[in-house]
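Here is a short note to keep beside you as you look around for the first time. Please take the points in order, with the model open.

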Amino acid sequence: MAQVLLIEDDPAIRGALKRGLTERGHAVDSAGAALPGLESAVTNRPDLVVLDLGLPDLDGTTMLRMLRGASRVPVIVATARDDEAEIVAVLDAGADDYLVKPFSAAQLDARIRAVLRRSGDTAADAAVVVGGLRVDPRSREASLDGTALDLTPREFALLHYLAARSGQVVSKRELLTEVWRLPYGGADKTVDVHLSWLRRKLGETAQEPRYLHAVRGVGVRISAPQG
Ligand code: CA
């Protein structure tokens, strides 16, 4: 099925997940710490990385940023902490999905298949153009009127999600579940904050929107400026 790199320092968890994923047809390499994991990710080019956030040598968010600097490989984060702030931070740093421990190899396998389905979706890979805005998920580059936008991975994902649905109003609930992969409730401020950052990078304000239109009580819509 897939070439998976499992980075986990607990030998019992590592062994059990490796066995379970191998039984489900994956080829699994593993590492017991962040730095050997990074090296393996760069050298062996896995299809997907499963990354434990509690590693002895580097904290998960730092590790994820280093990995993202070197590779666009899909990453599923495994966290022992059911901590929303931590989960939001790693998703912002470029993780594709997360699982809270304890979880089974069967659950992990289902997430792996879902993440690979999403990342391998060729229709979702095409560049999206809305007016002077161009968003290319393959190169992870976005530009406005030919000038590159300097976006974080989460801002990029948000912009791409909205641009791919230009003209449609998208609810904050949908953004939270589809872009952040979080349950709704409590974290909806996260969406507002990222929208305001994105708006600033697009050089517009909520009062005088060009592309990003808030629809009060409903959500947000991207559309090309008129005239
Ligand atoms: Ca650990």
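**Notes on the sheet, the ion and a proline**

1. Strand β4 (residues 75–79) pairs with β5 in the parallel sense, over four bridges. Two strands pair if DSSP finds at least two bridges between them, and strands (E, at least two residues) and helices (H or I, at least four) are DSSP runs numbered from the N terminus. Within this stretch, Ile 76 stands opposite Asp 97 in β5.

2. A word on the basis: this is a predicted model, in which local features need pLDDT of at least 70 and side-chain atom pairs count only at pLDDT 80 or more, while totals for chains, interfaces and linings use all residues. Residues are numbered from 1 along each chain as its sequence is written, and side-chain values use heavy atoms, with hydrogens and water left out.

3. Now step back to the whole sheet. Five strands make an open sheet, with parallel pairing, in the order β2-β1-β3-β4-β5. The edges are β2 (27–31) and β5 (97–100), each with a single partner strand, so one side of each has no neighbour in the sheet. On average, neighbouring strands are turned by 20 degrees against each other, direction ignored.

4. Next, the helices on the sheet. α1 lies across β1 and β2 and runs at about 165 degrees to β2. Helix α2 (residues 34–44) packs on the sheet too, touching β1 and β2, and its direction makes about 165 degrees with that of β1. Axes are lines fitted to C-alpha atoms, for helices over the stretch in contact, with angles from 0 to 180 degrees between N-to-C directions; contact means heavy atoms within 4.5 Å.

5. Which residues hold the calcium ion? Its protein donors are Asp 9 (OD), Asp 52 (OD) and Gly 54 (O), at 2.2 to 2.4 Å. Donors are N, O and S atoms within 2.8 Å of the metal (3.2 Å for Na, K and Ca); water is not among the atoms, so sites may look incomplete.

6. In sequence, the donor residues are spaced D-x42-D-x1-G. Asp 9 lies in the loop between β1 (3–7) and α1 (11–23), and Gly 54 in the loop between β3 (48–52) and α3 (60–70), so this pair ties together parts 45 residues apart in sequence.

7. Finally, is Pro 74 buried or exposed? Pro 74, in the loop between α3 and β4, is buried, at 11% relative accessible area. Buried means under 20%, exposed over 50%, and partly exposed in between (1.4 Å probe, protein chains only). Among the residues that Pro 74 touches are Leu 48, Arg 68 and Val 115.

Terms used: Lists of a residue's contacts leave out its neighbours within four places in sequence.
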